[in-house]
Amino acid sequence: LSYYRDSLKVCVEHHLRINHTLVLCSIASIHWKQGRQAECLDLYAEVLKICRTMNYRRGLSNALTAVGNFLLLLDRPHEALPYFLESTSVFAELGDFTNEAISWRMVATIYQHACCAFDKALEAWRKAHFMLARLGDLSGAAQVLYEMGRLARDHIADPAHAVEYFTTALEHARALGDAHRQGDLLNAIGITHWK
């Protein structure tokens, strides 16, 4: 912390704003490890402010994701949601489809499990699937389709779409040669038909 505080003085003195954000994130990480969560989040609030002021989109995306993850670790998903939602827009601007897909998955999970906003969850899963399909990530796409199928079957009462999602995921699993996932998906399709 002493070294980082010395670094911070140099950053402030010489207006090294990107370095300033990096040093603040490093100090925040130490605070988190020390169990000083409130101080960690306060530092990240400062990082977000600096990144927005200078329109530093990469730093903003990283800070938004970090705050969202810290809030999830503190079991505060409702507070984490806006950070992940904003990060999807920033990642889209940056053309970072991999991290945009990750953020949409986080948004979908929060909507589904913390908010019970099943329609919003399904829409977020769709956006994640679109990103993963665009990236050619069959494994990730199959996992997202599985989640969409369970959501459609168990919460939205839409078995036809559930079977469609599971079947598409099954095609991906076959293309990947993933026998275990194929078994899970065939089981999910069978349960859906049974219900």
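Reply: Start with the word helix. A helix here is a DSSP run of H or I, at least four residues long, and helices are numbered from the N terminus. Arg134 lies in one such run, helix H7 (residues 118-135). Keep in mind that this is a predicted model.

Me: What makes Arg134 exposed or buried?

Reply: Exposed means over 50% relative accessible area. Arg134 has 51%, so Arg134 counts as exposed.

Me: How far is Arg134 from Gly190, in sequence and in space?

Reply: They are 56 residues apart in sequence. In space, C-alpha to C-alpha, Arg134 and Gly190 are 29 Å apart.

Me: Which secondary structure does the protein chain have?

Reply: The chain has 10 helices and 0 strands. Its pattern along the sequence is α-α-α-α-α-α-α-α-α-α. The C-alpha atoms fill a box of roughly 65 × 30 × 25 Å along the principal axes.

Me: How many residues does the protein chain have, and what share of them count as buried?

Reply: The chain has 195 residues, and 42% of them count as buried. As for contacts with a separation of 6 or more, 47% join residues 24 or more positions apart.

Me: Which residues meet between H4 and H5?

Reply: From H4 they include Arg57, Leu60, Leu64, Val67 and Leu71. From H5 they include Pro77, Ala80, Tyr83, Phe84 and Val90. The residues of this H4 and H5 contact divide into 12 nonpolar, 5 polar and 5 charged.

Me: What makes H9 roughly antiparallel to H10?

Reply: The test is the one for angles over 145 degrees. Helix H9 (residues 159-176) and helix H10 (residues 179-194) pack at an angle of about 165°. That makes H9 roughly antiparallel to H10. The axes of H9 and H10 are 9 Å apart. H9 passes H10 in a left-handed crossing.

Me: Which residues make the contact of H9 with H10?

Reply: Among those of H9 are Pro159, Val163, Phe166, Leu170 and Ala173. Among those of H10 are Arg181, Leu185, Ile189 and His193. Sorted by type, the contact of H9 with H10 has 12 nonpolar, 4 polar and 2 charged residues.

Me: Where is Arg181, and what does Arg181 contact?

Reply: Arg181 sits in helix H10. Setting aside neighbours within four places in sequence, Arg181 is in contact with Ser139, Ala142, Gln143, Ala173 and Leu176.

Me: How do you know whether Arg181 is buried or exposed?

Reply: Buried means under 20% relative accessible area. Arg181 has 17%, so Arg181 is buried.

Me: Why do Arg181 and Asp178 count as a salt bridge?

Reply: Side chains of opposite charge can pair when their charged atoms come close. A salt bridge needs a side-chain nitrogen of Lys or Arg within 4 Å of a carboxyl oxygen of Asp or Glu. The closest N and O atoms of Arg181 and Asp178 are 3.9 Å apart, and the pair forms a salt bridge. Asp178 is partly exposed, with a relative accessible area of 25%. Elsewhere, salt bridges that share partners join Arg153, Asp154 and Lys195 into one network.

Me: What separates Arg153 from Asp154, N to O?

Reply: The distance is 2.8 Å, and their side chains meet in a salt bridge. At 17% relative accessibility, Arg153 counts as buried. Asp154 has 36% and is partly exposed.

Me: How many salt bridges does the whole structure hold?

Reply: The search finds 10. One of them links the side chains of Glu147 and Arg150, at 3.4 Å, N to O.

Me: Why are Glu147 and Arg150 separated by about one helical turn?

Reply: Because they are 3 residues apart in helix H8 (residues 138-154). Glu147 is buried at 13% relative accessible area. Arg150, at 29%, counts as partly exposed.

Notes: Residues are numbered from 1 along each chain as its sequence is written. This is a predicted model: local features need pLDDT of at least 70, side-chain atom pairs count only at pLDDT 80 or more; totals for chains, interfaces and linings use all residues. Side-chain values use heavy atoms; hydrogens and water are left out. Axes are lines fitted to C-alpha atoms, for helices over the stretch in contact, and angles run from 0 to 180 degrees between N-to-C directions. Helices (H or I, at least four residues) and strands (E, at least two) are DSSP runs, numbered from the N terminus. Angles under 35 degrees count as roughly parallel, over 145 as roughly antiparallel, 65 to 115 as roughly perpendicular and the rest as oblique. A crossing is left-handed if the near helix is turned anticlockwise from the far one by less than a right angle, and right-handed if clockwise. Contact means heavy atoms within 4.5 Å. Ala, Val, Leu, Ile, Met, Phe, Trp, Tyr, Cys and Pro count as nonpolar, Asp, Glu, Lys and Arg as charged, and the others, Gly among them, as polar. Buried means under 20% relative accessible area, exposed over 50%, partly exposed in between (1.4 Å probe, protein chains only).
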